[in-house]
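Hi,

Here's the structure I promised to pass along. Have a look at it first, and my notes on what turned up follow below.

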Amino acid sequence: MGEAWSTVNEGRQWRRLMEMGEIGAIAGPDGAQGVNRACLTPLDRKARRLLISWAAPLGLKPSVDPLGNLFLRQEGADPDAAPVLSGSHMDTQPNGGRFDGIYGVVAALEAVQALREAGVKPRRPIEVVAWTNEEGGRFAPGCMGSMAYAGYRPADTWNAAEDGDGVRFAGALREHLAAEADLPRRPLGVVEGPAPHAYVEAHIEQGPRLEAEGKDIGVVSGIQGSRWFVVELTGETAHAGTAPLSLRRDAVQDMVRAVEALNALMRDPSDVLRFTVGRIEVSPNTSNSVADRVRFTIDFRHPSADVLRERGDAIEATVRGAVRDCGVAVTERFNAQPVEFSPAVVGAVERAAKAQGLSALLMPSGAFHDAQFIVPLCPTGMVFVPCRKGISHNPAEYSEPAQLAKGTRVLAQVLAELAG
Ligand code: HGY
Ligand code: MN
Ligand code: MN
């Protein structure tokens, strides 16, 4: 089996990643090149067609489910056996990099192609998967495709979610499916179809540890929990030059009070807890009118389910206690509990790295991934590769061709083992 992974082709994988990076390319600071490729857009569909064109000569059959999740299936010796799934997402942050998500999809295709070229004929089918809307950048929350696939939420849960232009998720999905009407359809995940035998996702670490500790491979033990909220404050607009401060109902001032109070709630001297207010919308958003509406997001994460529950459940009361003049609405948008990956897959990743003479670090993931929602369905795990200075969600995101190939060789060996 050792030679199976050696046919992973570093150059081919790198060229494919660079070609994908041209679809939605953006210029970042200091000459960095990033990607802005939101889900369910023409750019997203252009990238999917490119992926399908690489898979076609290998005889992989494309299919799309009701959430737009894209599958490329390689039949196994036993076509009735539950498939092994491997992939990630193709959508990016608006100010994203060339590796987050897409690396896991391209690596899964490369691993399947390498196993074919090594003459490996797995017993189980292997399906390369690209999940819809992992990032949650255009439509919140993230992981809609994998959550619906896993039956974690009904498929229509997010129909009313709107993007910055007021386009609803349901409309964007309908347009997307219509544009891909030529592709075969398949039922929605385990809601309507068979559970996979196992799932493995390759991804850049999106943190600094592997590079700092000089390790080739991250053997991912699990993923911390994430909770997303939206806070809406409703005050009263007024003339900036005439309205006395004592009479104002200023939504921005109340937002400041709320964020200050949340900072106190989320204080963590050990710096394990993650708390981010990353998106703020103000109206009327002019310099000489008092703001009557503010909507801001909360992204709160922690590895402990207890901390996630205790502090997360205190968010609404903390905001209400701090706001002085405005109406308050707090809505939870996303709740991903911490997960531990299965020893079967974690062990397979560890063994493959060892067999290939690669240094490895057992570590949790700070970023969430589609794998988080597949855990309840089947043995699930991830393979991390280092990225430069841990930079991600930033055009400067970068990983070396050789590092990415090492991750793909480990993935190929794990897939060969799981697919029998
Ligand atoms: O936000 C996350 O953790 C993921 O990278 N979308
Ligand atoms: Mn990702
Ligand atoms: Mn991401």
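Which residue bridges the manganese ion (ligand 2) and the manganese ion (ligand 3)? That would be Asp100, and the two ions lie 3.5 Å apart.

Before going further, some housekeeping. This is a predicted model, where local features need pLDDT of at least 70 and side-chain atom pairs count only at pLDDT 80 or more, while totals for chains, interfaces and linings use all residues. Residues are numbered from 1 along each chain as its sequence is written, chains are lettered from A and ligands numbered from 1 in the order in which they are written, and side-chain values use heavy atoms, with hydrogens and water left out.

**The metal site**

The manganese ion (ligand 2) is held by His89 (NE2), Asp100 (OD) and His203 (NE2), at 2.1 to 2.3 Å. Donors here are N, O and S atoms within 2.8 Å of the metal (3.2 Å for Na, K and Ca), and with water not among the atoms, sites may look incomplete. Along the chain, the donors of this ion follow the spacing H-x10-D-x102-H. Asp100 sits in the loop between β5 and α4 and His203 in strand β7 (residues 198-204), so the pair ties together parts that are 103 residues apart in sequence. (Helices are DSSP runs of H or I with at least four residues, strands are runs of E with at least two, and both are numbered from the N terminus.)

Both Asp100 and His203 are buried, and for Asp100 the relative accessible area is 5%. The cut-offs are under 20% relative accessible area for buried, over 50% for exposed and in between for partly exposed, using a 1.4 Å probe and protein chains only.

**What UniProt says**

The unreviewed UniProt entry lists Asp100, Glu135 and His393 under "binding site". They are spread over 294 residues of sequence, yet they cluster in space, with a largest C-alpha distance of 9.9 Å. UniProt positions are in the numbering used here, feature names are shortened, and annotations may be inferred rather than shown by experiment.

His393 is in the loop between β16 (380-385) and α14 (401-418) and, at 40% relative accessibility, counts as partly exposed. Its side chain makes a polar contact with the side chain of Asp100 at 3.1 Å. A polar contact means a pair of N or O atoms within 3.5 Å; within protein, one must be able to donate a hydrogen and the other to accept it, and residues adjacent in sequence count only if both atoms are side-chain atoms.

**Salt bridges**

The structure holds 25 of these, each being a side-chain nitrogen of Lys or Arg within 4 Å of a carboxyl oxygen of Asp or Glu.

- Arg16 pairs with Glu110, with the closest N and O atoms 3.8 Å apart. Arg16 lies in helix α2 (residues 10-21) and Glu110 in helix α4, so they tie together parts 94 residues apart in sequence.
- Glu417 pairs with Arg351, the closest N and O atoms being 2.3 Å apart. Glu417 is in helix α14 and Arg351 in helix α12 (residues 343-355), so this pair ties together parts 66 residues apart in sequence.
- Arg320 and Glu316 meet at 2.9 Å, N to O. They are 4 residues apart in helix α11 (residues 315-322), and are therefore separated by about one helical turn.

Cheers
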